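Thanks for coming, everyone. Let me put the structure up and walk you through it.

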Amino acid sequence: MTDERSSTDPSAPVPISEAPSDAQIVGSRPRPGRRGQDRARRGTERRRDVLRAVLVLSAIGSVGPLSAVWLYGGRWGDVSTFDYSSPWRSMVSLGAEENGDDDNDDADDDDADTSKDIDEGMGGFAQNGTTPPLSHLPPSPLPDKLPVPVYLLPRSYDKGKAGEYQHFLKDGIHRSSLLNITDDPDGAGNPWFVEVVRFKCEPLLPVVRASICRRHAKEGLEAPSIDSTASTQNCSAENYAETMTSQEVKWYREHPPSVPGWPIVLVDYTDSGYVNAFSCADKLSALLGSNEYIRIATRVHTKMRHVKSDFVSNNLNKPFEGLGIPINWAHEPRLSQIHGVPMVLRYGVRSDLVDFYERDLNGVFGYDHGSLDPAVNPGVNASNLLDLVQLPRDKDVIHFWPIGEDLAHGRHRDVISKYLLSLSETHPQWRIKAGTEGRRSRAGRNEIQRLYAKSLLQYKIVVVCQRDMWEGHYRLMEALTGGALVMTDPMQPLPLYLKDRDGLVVYSSLGDLGAKIEHYLSNPTERLKIAKR
């Protein structure tokens, strides 16, 4: 057996999440005959359009016409507390994690990733020791008019730091038949999606005020302004300040606009929560005349998370501790500044990974155990209906994490890697690796790592794990995209539609992980059934 317990590459693969490929959606058996294949392709295209729209919504609230996508609303808190009538319909989208790289280093330039930051940012508001259930609303109907125009901010960005903005928002909208990016910020009712990592509140405020000004000018009205020099004759964002005092916020609440507002979604991919999210929502709701227009989507829905796990051979069945407490948003006093509660935001699936698989698998894609050329492997259908789950895989288990990679936030992952390597000693027949393939961090998030993408197709089981002090990474959806059986430690909550033993397997301790690896390697039919769902 080749010793695969260490990696020569010091960097980990980058997250490459993406909406499930045709292969994942359609399944393994191609339809007989051209007519059947055409029906399958058309059905696949429709389903993928919906999934791509889901990507854009990324577990955030859907607004008015955006309630088109067939999703369920999810929130922490009492179902009866909030009104989900127009203009909002609550939704949670297909979530994902980071694969090759868990750090969102672009996202947290301003916030240190510590438990204190997490408790004082978006989180830290669970009270009375209660843990409310995650509730769901019925699917919303499709709108009458498609595609729905979406105004996306920022308008320009550094492509070398595109990250979540490019993969989950911009690319997701471009690939959807249900949504399209509009260049018109003033279209009546057009929702705005604001990615607050790259477009924070300060530049957003003058852009919103300029749009309010133009909407009033279009109706021949004067926009309310505390600045007596302001005029609808010149509605440029450059004429407005990037700050608002508490006195100005109060004034605008007392002088609402004379034209309807529009939905604005603050999309927050930071690890610890954008610390200005609620104060920004307060200012925006004052400018628009109501909190009904403001929505927040965040990854942070737990507090006091600090996972501590140890690799002690005589205590392998001890459950992981320090997973955090779900935030009871029903007790958050600042909810009056937004509509409903903050939505669960998870990383989506990177389209470039799916593109890579579809492009390369439509020809010859050779790697360790041979070729996917049908002449070599007759059971493989080299078409867009290819089922990645059924691919021949000659390696057993991989965890994309080298020991010692991040002593500040990656000790829990270190423990998982150490334990998996110990299994290769007690089970020498298993081919196990704990290490990286390709590059991680910013480079990995912005370009395909071929070694990493190929490794996802070579292993029967991919183990993923959260960081010590926050949840969410690209690896989960990347692993699901590759078709292996994915095992993850607990998340609160899991991404929508994913359940234990229904799409993936959740492990709660080292002993639980080892037992489940042994079980599913010994039961390939059951393993493939879960991976295929």
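Start at Leu204. Setting aside neighbours within four places in sequence, Leu204 is in contact with Leu153, Trp192, Val194, Phe199, Leu266, Cys280 and Leu284. Contact here means heavy atoms within 4.5 Å.

A word on the source. This is a predicted model, where local features need pLDDT of at least 70 and side-chain atom pairs count only at pLDDT 80 or more, while totals for chains, interfaces and linings use all residues. Residues are numbered from 1 along each chain as its sequence is written, and side-chain values use heavy atoms, with hydrogens and water left out.

Back to Leu204. Leu204 belongs to the largest nonpolar core, which has 36 residues. Such a core is a set of buried Ala, Val, Leu, Ile, Met, Phe, Trp, Tyr and Cys residues joined through side-chain atoms within 4.5 Å; buried means under 20% relative accessible area, with a 1.4 Å probe and protein chains only. Which members touch the most others? Leu204, Val208, Ile264, Leu266 and Leu284 do. Elements giving two or more residues include β5, α5, β8 and α7 (277-288). The top contributor is α7, with eight residues. In soluble globular proteins, nonpolar side chains tend to be buried together.

Now the sheet. Six strands form an open sheet, ordered β6-β5-β7-β8-β9-β12, with parallel pairing. β6 (179-181) and β12 (343-344) are the edges; each has a single partner strand, so one side of each lacks a neighbour in the sheet. Strands are DSSP runs of E, at least two residues, and helices are runs of H or I, at least four, all numbered from the N terminus. Two strands pair if DSSP finds at least two bridges between them.

β9 (residues 294-298) joins β12 through two bridges. Thr298 has Val344 as its bridge partner in β12.

Helices next. α5 (residues 201-218) packs on the sheet, touching β5, β7 and β8, at about 165° to β7. α4 (residues 163-174) lies across β5, β6, β7 and β8, at about 155° to β5. Axes are lines fitted to C-alpha atoms, for helices over the stretch in contact; angles run from 0 to 180 degrees between N-to-C directions.

Last, confidence. The chain averages a pLDDT of 74, and 67% of the residues score at least 70. pLDDT is the predictor's confidence in each residue, from 0 to 100. Residues 1-34 stay under 50. Residues 43-140 are also below 50. Where pLDDT is low, the predicted coordinates should not be read in detail.

Key: Buried means under 20% relative accessible area, exposed over 50%, partly exposed in between (1.4 Å probe, protein chains only).
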